[in-house]
Amino acid sequence: MLWIFFTLLAALSQTVRNALQSKLSSSVSTLGVTLARFIFATPIAIAYLCSLYFFDPQSHPKFTTQFVLFCAFAAFMQIVATALMVQLFKQQNFAIGAGLAKSEALIAALLGALFFGSQLTILGWFGVLVGTLAIFLLSGITNSKQFKIKTVVIGLLCGASFALTSLFIREASLVLSVPFPHSAAWVLVFVLCMQTIVLSIYIYLKQPNTFTQLKNNLGTTFSVSLTSCIGSIGWFSAMSLQYVAYVKTLGQIEVLFTILISLIWLKQKVAKNELLGLLLIAIAAIMVMWQN
């Protein structure tokens with residue numbers, strides 16, 4: 001049941017990170033905000049890996065070609081997913097596209113069952129479906145009359161890209177010849193290093209002034225990296241222990257954290273569809289936890 005703790009940690013950290021990214025985006029470019037997730041997270045992840053070996057020494061793993069490819073695919077698909085999410089920001093009916101992007105859990109369940117050997121229980125499948133319905137409800141998909149094919153396609157591709165990212169992360173962890181949590185930590189370090197190097201080179205060539213923007217907002221940039229790394233430790237660890245579909249379904253509780261922030265700090269009211277959506281998320285979370 002340790003995967004539940006790591007998933008909740010990841011969801012909470014991601015909620016805080018999103019708020020910090022929103023603040024950073026007012027003075028830093030989109031690519032810079034994306035890089036802020038990785039630039040300090042990489043050394044933090046390396047420190048985390050070293051601490052694991054300090055407190056629980058293990059033999060060093062054999063980095064097979066299969067492992068490196070899984071990490072590379074995961075890093076690439078997450079960059080693609082992030083780029084597609086940026087495209088969704090530009091769509092008029094963004095909420096619908098974002099809701100479709102959150103279909104990640106359902107897509108991960110389908111792709112996992114077809115290509116990655118995932119074997120979900122009947123109760124687990126129901127939990128994933130209920131969670132997906134909750135996200136659709138919260139995004140306004142169920143009562144919208146303004147569907148646009150372009151937004152739908154981008155949203156689904158974004159969800160599929162995030163799902164593949166998670167599935168490749170899990171596979172990379174499973175093929176590594178060290179026990180948990182060391183295996184998840186190694187995958188995290190490899191993926192973060194790849195993403196940081198590729199994105200830094202691209203920004204250096206295309207938007208070199210972005211580094212100055214990040215330097216001028218050093219405190220927020222570090223906070224984004226720190227919360228992002230903690231969240232990634234949670235996600236990577238949870239997905240090493242449990243099927244991606246279950247992890248992502250339980251991870252939808254992030255919506256609850258976001259709404260609580262709106263209630264407590266922003267004093268915003270909760271609409272009826274949000275209450276129903278939250279209830280469905282709670283039911284879905286109980287289903288995927290209970291099946292264990």
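Leucine 167 has a relative accessibility of 3% and therefore counts as buried, where buried means under 20% relative accessible area, exposed over 50%, and partly exposed in between, with a 1.4 Å probe and protein chains only. This is a predicted model, in which local features need pLDDT of at least 70, side-chain atom pairs count only at pLDDT 80 or more, and totals for chains, interfaces and linings use all residues. Residues are numbered from 1 along each chain as its sequence is written, and side-chain values use heavy atoms, with hydrogens and water left out.

Leucine 167 sits in helix α8; helices (H or I, at least four residues) and strands (E, at least two) are DSSP runs, numbered from the N terminus. Apart from its neighbours within four places in sequence, leucine 167 is in contact with Ala108, Leu111, Gly112, Phe116 and Val244, contact meaning heavy atoms within 4.5 Å.

Ala108 belongs to α6 and Val244 to α12, and the contact joins Glu104, Ala105, Ala108 and Ala109 in α6 with Val244, Ala245, Lys248 and Thr249 in α12. By class, the residues of this contact are five nonpolar, one polar and two charged. Here Ala, Val, Leu, Ile, Met, Phe, Trp, Tyr, Cys and Pro count as nonpolar, Asp, Glu, Lys and Arg as charged, and the others, Gly among them, as polar.

Two packed helices are described by the angle between their axes and the distance between the axes. For α6 (residues 104–115) and α12 (residues 244–251), the axes come within 8 Å and cross at roughly 170°. Axes are lines fitted to C-alpha atoms, for helices over the stretch in contact, and angles run from 0 to 180 degrees between N-to-C directions. The two helices α6 and α12 are therefore roughly antiparallel; angles under 35 degrees count as roughly parallel, over 145 as roughly antiparallel, 65 to 115 as roughly perpendicular and the rest as oblique.

A second pair is α3 (residues 41–55) with α9 (residues 182–206), whose axes come within 9 Å and cross at roughly 160°. This angle makes α3 roughly antiparallel to α9. On the α3 side the contact includes Ala41, Ile46 and Tyr53, and on the α9 side it includes His182, Trp186 and Thr196. Its residues comprise 13 nonpolar, three polar and no charged.

The loop between α8 (149–175) and α9 holds proline 181. Most residues other than glycine have a negative phi, and most peptide bonds are trans. The bond from phenylalanine 180 to proline 181 is cis, with omega near 5°.

Glutamine 21 lies in helix α1 (residues 2–24). With a relative accessible area of 13%, glutamine 21 is buried. Beyond its neighbours within four places in sequence, it is in contact with Val33, Arg37 and Val224.

Cysteine 71 is buried at 0% relative accessibility, and cysteine 158 is buried at 0%. The structure holds zero disulfides, a disulfide being a pair of cysteine sulfur atoms within 2.5 Å.

For the chain as a whole, there are 14 helices and zero strands. Of its 292 residues, 51% count as buried. Among contacts with a separation of 6 or more, 87% are between residues 24 or more positions apart.
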